[in-house]
Amino acid sequence: MSESKIAALHKALVEKELSCTELTEKYIKAIETENGELNAYVTVTAEQAMETAGAVDEKIAAGKEIGLLEGIPMTLKDNISTEGIRTTCCSKILEDYVPIYNAYVWDVLKAQNAVLLGKTNMDEFAMGSSCENSYFGGAKNPHNTAHVAGGSSGGVASAVGGNIAVYGLGSDTGGSIRQPASFCGIVGMKPTYGAVSRYGLIAYASSLDQIGPITTSVEDAAIVFDAVSGHDTMDSTCSGRQGAPVCESLKNDIKGMKIGIAKEYMEGIRDDVRSAVEEAIEVYRSLGADIVEFDLPSLKYALPVYYIIACAEASSNLGRYDGIRYGYKAENYLDVNDMVKKTRSSGFGEEVKRRILLGTYVLSSGYYDAYYKKAQNLRGRIVQDFRDAYRKCDVILAPTVPMTAFENGHAVSDPVETYLTDICTVPVNICGLPGISVPCGFDAKGLPIGMQLIGNSFEEAKILNAAWQYEQAAGKFRAADIGVRN
Amino acid sequence: MVTKEEIMKIAILSKLYVAEDEIDKLTEDMAEIISFADTINNASDEGMDFDNINGLSNVLRDDVVVPSLPREKILQNAKDSDDGCFMVKNIMK
């Protein structure tokens, strides 16, 4: 029995149970009816989608073989560049920006006739944990629209969780794929730094950013990861996937696999989330895995280290928005300096400005050593702690988020409290490791709980294997299909 | 403790205007965030000299000439352009 939605739809297309045009139409109709409430899409590309669908149908009619992702309706987070299609980063400053080239990942998927339904909502410049920092208003949680979809890739998670896209690509700088996937009861994977090209991904924090899949099953995440993890000469930090395609080892036995539990990850976690993760530990025991416990003492520094480094890099990366070459430009100004300042001051939202200011502060003369340099050194210590941990285990199991999806409006009130929700996700980015969030339960209100499997560098195959085995054993936690059914 | 004056200085470096009525709230927020960042003060980083993650090294391509983007395309997102150039007000009088 295949759990993969992509494989099931592929089979239906090949066996002509439904045409790609019918499938695409179904999704476009579902977007028309559902998106008003979910606010997952900020741009819908129905015309291009139907064109691609038509081309796929012609290929099938001509008896040609089609690829696994060919003709499958999907979405991209709105910070992934799409030539000729508006890419806004959900910021006023890029509201009418139309890229003149494709991101590597979109080039690859487009060449495989992936059907792009549209671009999805996010926190402005991927800065946030609720999607509410979006210039277009936040995306809602498909399980309960009084709650947020999470962030920053909230739109992708809302669309995939609400079944108005089969899968999507998001980006993860401090948890922006895994956290919304956890909130929406689906699967999200942040690959190893360097496994997927960042070419054409609008930069937030370049040493932390990574593109990855958001899907309804572990197998789909593996399929999409295999497709986009090639070597790309346009990103000098990208070496691509190491080793065989991850789909080959997905269903391996995990008897004897060492699952690590670090007690620091389990502290300060809401009770229902902790017991859901503890139940998952029992599932792994029953599958024959060995549970290994240890400490990760430097984990307590991960969050401040993350915010210092991410904001420092953001303050530099966002220096390019000056109104001259692209994007919003202030209308009335005295001189060039005034134009740049007015453009940035009214083009950026509050959270983005706050992070630019913090980043400038920690890099400024007099504070550089105390904050930025110290944070970088501590980053080294955290990396070392994880390296030691992987001498004792194969993968680490942890909660994805200490709680479930917050109510709309809750996240914006207190910046530091909101930052604390990223405590379980940021260490992966700090160390460049791969991490996947998988649904593992529901809270009393019926909102999904997610758990996270963290692997050593370039060991996506191991975390996907462990995640797949868990999903098979505990399949009842898979998100119910909401919206259109296939 | 972060002061209003420091925030004003940082805003100039960041090329951002901070409105009079925003400065108090912003200073308060920044003070809270920076005191949160201060939790690393007591951590020992002795002997640590961080250079990169995962010991990655740059993946360089062969030095061959490849086509670059045409000028018209590059200019198409600019609000003001003329004669193949981006337009800005005089920088020097």
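In what order do the elements of chain B run from the N terminus on? They run α-α-α-β-β, with 3 helices and 2 strands in total; helices (H or I, at least four residues) and strands (E, at least two) are DSSP runs, numbered from the N terminus. What you are looking at is a predicted model, in which local features need pLDDT of at least 70, side-chain atom pairs count only at pLDDT 80 or more, and totals for chains, interfaces and linings use all residues. Residues are numbered from 1 along each chain as its sequence is written, while chains are lettered from A and ligands numbered from 1 in the order in which they are written.

Let's stay with chain B for a moment. Its radius of gyration, taken over C-alpha atoms, is 23 Å, well over the 12 Å that the globule rule gives for 93 residues, so chain B is more spread out than a compact globule. That rule is 2.2 Å times the number of residues to the power 0.38. Of the 93 residues, 12% count as buried, meaning that 20 or more other C-beta atoms, placed from the backbone, lie within 10 Å of the residue's own.

Now turn to chain A and its sheet. This open sheet has 11 strands in the order E1-E3-E2-E6-E8-E7-E12-E13-E11-E9-E10, with mixed pairing; two strands pair if DSSP finds at least two bridges between them. Strands E1 (41-44) and E10 (290-294) of chain A stand at the edges, each with a single partner strand, so one side of each is left without a neighbour in the sheet. Elsewhere in the sheet, E11 (residues 395-399) and E13 (residues 448-455) of chain A pair in the antiparallel sense over 5 bridges, and Leu397(A) has Leu453(A) in E13(A) as its bridge partner.

Where do the two chains meet? In all, 54 residues of chain A are in contact with 38 residues of chain B, where contact means C-beta atoms, placed from the backbone, within 7 Å. Helices H9 (302-317), H10 (336-347), H11 (350-363), H12 (369-392) and H13 (415-420) of chain A each supply at least two residues of the side that touches chain B. The largest share of that side, 10 residues, comes from H12(A).

Technical notes. Contact = placed C-beta atoms within 7 Å.
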